[in-house]
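Colleague: I would like to learn how to read a protein model step by step, beginning with a single residue and then widening the view. Could you take me through it?

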Amino acid sequence: MAQKQLGTRYFLQLTLGVSLIVFGIMALNGYQSTGQELMRGLNKMFGKSNNLYPSIFGVVQLAAGIILILKLFVALSPGLFKVIHLIICILWLINIVFSFFVSNFLEPDFIRWLGAMAPQLVILLSLWLVGEEN
């Protein structure tokens with residue numbers, strides 16, 4: 001039974017790490033896309049700020065994914081990993097709060113809002129489980 005749990009947690013951590021790396025790359029590529037450059041230019045023309053939040057969170061996702069995969073193959077200090085794990089979970093929770101409660105609460109409707117938030121909660125809980133085991 002313990003061997004089965006070890007394999008499950010290993011693959012959870014591996015797939016979570018790969019997913020976070022992909023999400024981070026997508027966020028960084030999306031920020032540099034032609035459409036986003038156009039929108040930043042229009043925002044600048046009309047005096048609005050250019051939102052760097054997606055890029056910052058993309059870097060957080062990328063770093064978190066790399067750390068999770070690195071932890072599978074390299075021995076990291078348990079204390080250091082606990083601190084990094086806690087920071088990643090807090091940042092993910094902040095992202096959920098800002099994305100789903102501060103700016104888009106129940107938008108466009110409850111079901112779509114919940115459907116968009118649910119995968120983020122699954123990722124947060126997966127991050128928590130992976131960090132608690134290590």
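Colleague: Is leucine 76 buried, exposed or partly exposed?

Modeller: Before answering, please note that this is a predicted model, in which local features need pLDDT of at least 70 and side-chain atom pairs count only at pLDDT 80 or more, while totals for chains, interfaces and linings use all residues. Residues are numbered from 1 along each chain as its sequence is written, and side-chain values use heavy atoms, with hydrogens and water left out. Buried means under 20% relative accessible area, exposed over 50%, and partly exposed in between, with a 1.4 Å probe and protein chains only. Leucine 76 has a relative accessible area of 21%, so it is partly exposed. This leucine 76 sits in the loop between H3 and H4, and, leaving aside residues up to four places away in sequence, leucine 76 touches Lys71 and Phe81, where a contact means heavy atoms within 4.5 Å.

Colleague: How many helices and strands does the protein have?

Modeller: Helices (H or I, at least four residues) and strands (E, at least two) are DSSP runs, numbered from the N terminus. Here the protein has five helices and zero strands, giving the pattern α-α-α-α-α along the sequence.

Colleague: Which residues touch the most other members of the largest nonpolar core?

Modeller: In soluble globular proteins, nonpolar side chains tend to be buried together. A nonpolar core is a set of buried Ala, Val, Leu, Ile, Met, Phe, Trp, Tyr and Cys residues joined through side-chain atoms within 4.5 Å. The largest one has 18 residues, and those touching the most other members are Leu16, Leu20, Leu68, Trp92, Ile96, Ile123 and Leu127. At least two residues of this core come from each of helix H1 (2-31), helix H3 (53-73), helix H4 (78-102) and helix H5 (110-133). Isoleucine 123, for its part, touches Leu16, Leu20, Phe23 and Trp92, when residues up to four places away in sequence are not counted.

Colleague: What lines the largest cavity?

Modeller: Rolling a probe the size of a water molecule over the atoms shows where empty space is left. On a 1 Å grid over the protein atoms alone, a cavity is a set of points where a 1.4 Å probe fits but cannot get out, and lining residues have an atom within 4 Å of a point. The largest cavity is lined by Leu68, Phe81, His85, Ile88, Leu127, Val130 and Gly131, with H4 and H5 each supplying at least two residues of that lining.

Colleague: Where is valine 59 found?

Modeller: Valine 59 is in helix H3, and its relative accessible area of 48% makes it partly exposed. The C-alpha atoms of valine 59 and leucine 28 are separated by 7.5 Å, although these residues are 31 residues apart along the chain.

Conventions. On a 1 Å grid over the protein atoms alone, a cavity is a set of points where a 1.4 Å probe fits but cannot get out, and a pocket is an open set with protein on both sides within 12 Å along at least five of seven lines; lining residues have an atom within 4 Å of a point.
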